Amino acid sequence: MALPTWMLTHTDTLKPVPLAALGQLLVWLDSTENRVDWKAARLAREMDLIEAERALEEAQYGREKATAERVVQLRERVADARGRAGLAALVEELAERTRLRIAATANHPGTDADDSVLRALAVDLNLGIRNLIDALADTEHVHHPAEAHRNAAAALTELTSARRAVEATGAARDLRRWAEAVKLALDVTRLTAIPA
């Protein structure tokens with residue numbers, strides 16, 4: 001994906017624009033390789049969930065009824081699989097909303113702060129969102145996936161809100177709020193998605 005001019009330079013001076021780091025993030029979020037990887041991971045987790053649900057159904061309603069202990073174990077397996085699938089789905093949802101938010105930000109540039117402040121916020125957002133997506137995508141060895149998913153979903157509420165995304169601006173106030181939401185979500189995700 002080619003970067004729009006607004007993300008590269010001021011056309012009159014060829015000086016890098018303050019929000020260029022968001023343009024780099026947009027390219028990363030929109031890369032075919034990432035999109036394919038994130039979708040494949042989500043589909044794999046959804047298939048794991050279906051297999052766990054089928055095993056539970058067979059244990060409860062099949063020809064040979066499983067013991068209560070086995071049913072409880074399988075229910076736990078379903079909850080874990082649902083949590084991992086939810087985390088994988090959050091990756092794609094966050095990427096989608098971030099692309100939308102960057103587009104909205106580009107349409108409403110901010111003039112309320114020095115370029116260096118805007119540039120620093122854009123760099124923080126670029127790194128923070130990449131780290132957040134990486135943390136969410138690492139679902140393989142999460143010790144408590146159901147809890148990790150619930151906590152991540154709660155912490156990502158503002159970041160996955162379509163309304164917040166379309167109302168975004170390039171003002172320092174908005175960028176700062178966005179960066180704070182990313183930091184909170186990353187802290188929560190890292191805390192609750194600790195690998196086993």
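**View 1. Asp30 and Arg35 pair up.** The side chains of Asp30 and Arg35 join in a salt bridge, 2.8 Å from N to O; the term stands for a side-chain nitrogen of Lys or Arg within 4 Å of a carboxyl oxygen of Asp or Glu. This is a predicted model, so local features need pLDDT of at least 70 and side-chain atom pairs count only at pLDDT 80 or more, while totals for chains, interfaces and linings use all residues. Residues are numbered from 1 along each chain as its sequence is written, and side-chain values use heavy atoms, with hydrogens and water left out. Asp30 counts as partly exposed at 23% relative accessibility, and Arg35 counts as partly exposed too, at 37%. Here buried means under 20% relative accessible area, exposed means over 50%, and partly exposed is in between (1.4 Å probe, protein chains only). Why might such a pair form? Side chains of opposite charge can pair when their charged atoms come close.

**View 2. The whole chain, for orientation.** Helices (H or I, at least four residues) and strands (E, at least two) are DSSP runs, numbered from the N terminus. Of the 196 residues in the protein chain, 41% are buried. Take the contacts between residues at least 6 apart in sequence: 80% of them join residues at least 24 apart. A contact, here and below, means heavy atoms within 4.5 Å.

**View 3. Helix 1 against helix 2.** The axes of helix 1 (residues 20-30) and helix 2 come within 5 Å and cross at roughly 50 degrees. That makes helix 1 oblique to helix 2. Axes are lines fitted to C-alpha atoms, for helices over the stretch in contact, with angles from 0 to 180 degrees between N-to-C directions. Angles under 35 degrees count as roughly parallel, over 145 as roughly antiparallel, 65 to 115 as roughly perpendicular, and the rest as oblique. On the helix 1 side you'll find Trp28, Leu29 and Asp30, which meet Thr32, Asn34, Arg35 and Trp38 in helix 2. Sorted by class, this contact has 3 nonpolar, 2 polar and 2 charged residues. The classes go like this: Ala, Val, Leu, Ile, Met, Phe, Trp, Tyr, Cys and Pro are nonpolar, Asp, Glu, Lys and Arg are charged, and the others, Gly among them, are polar.

**View 4. Glu92 reaches Arg42.** In the salt bridge between Glu92 and Arg42, the closest N and O atoms are 2.2 Å apart. Glu92 lies in helix 3 (residues 68-107) and Arg42 in helix 2 (residues 32-61), so the pair ties together parts that are 50 residues apart in sequence. Arg42 is buried, with a relative accessible area of 18%, whereas Glu92 is partly exposed at 21%.

**View 5. Lys183 and Asp187 along helix 7.** Both residues sit in helix 7, 4 residues apart, about one turn of the helix. Lys183 is exposed, with a relative accessible area of 52%, and Asp187 is partly exposed, with 39%. Elsewhere, salt bridges that share partners join Arg42, Glu46 and Glu92 into one network. The salt bridge count comes to 10.

**View 6. Helix 4 alongside helix 7.** The axes of helix 4 (residues 115-137) and helix 7 (residues 172-192) come within 9 Å and cross at roughly 25 degrees. That makes helix 4 roughly parallel to helix 7. Residues from helix 4 in this contact include Leu118, Leu121, Leu125 and Gly128, and those from helix 7 include Leu175, Trp178, Val182 and Leu186. By class, the contact of helix 4 with helix 7 has 15 nonpolar, 3 polar and 2 charged residues.

**View 7. Thr192 and its surroundings.** Thr192 is found in helix 7 and counts as buried, at 14% relative accessibility. Leaving aside neighbours within four places in sequence, Thr192 is in contact with Val142, His144, Glu147, Ala148 and Asn151. Thr192 and Asn151 are 41 residues apart in sequence, yet 7.2 Å apart in space, C-alpha to C-alpha.

**View 8. Thr160 in a loop.** Look for Thr160 in the loop between helix 5 (145-155) and helix 6 (162-166). Is Thr160 buried or exposed? At 12% relative accessibility, Thr160 counts as buried. Not counting residues up to four places away in sequence, Thr160 touches Glu93, Leu94 and Arg97.
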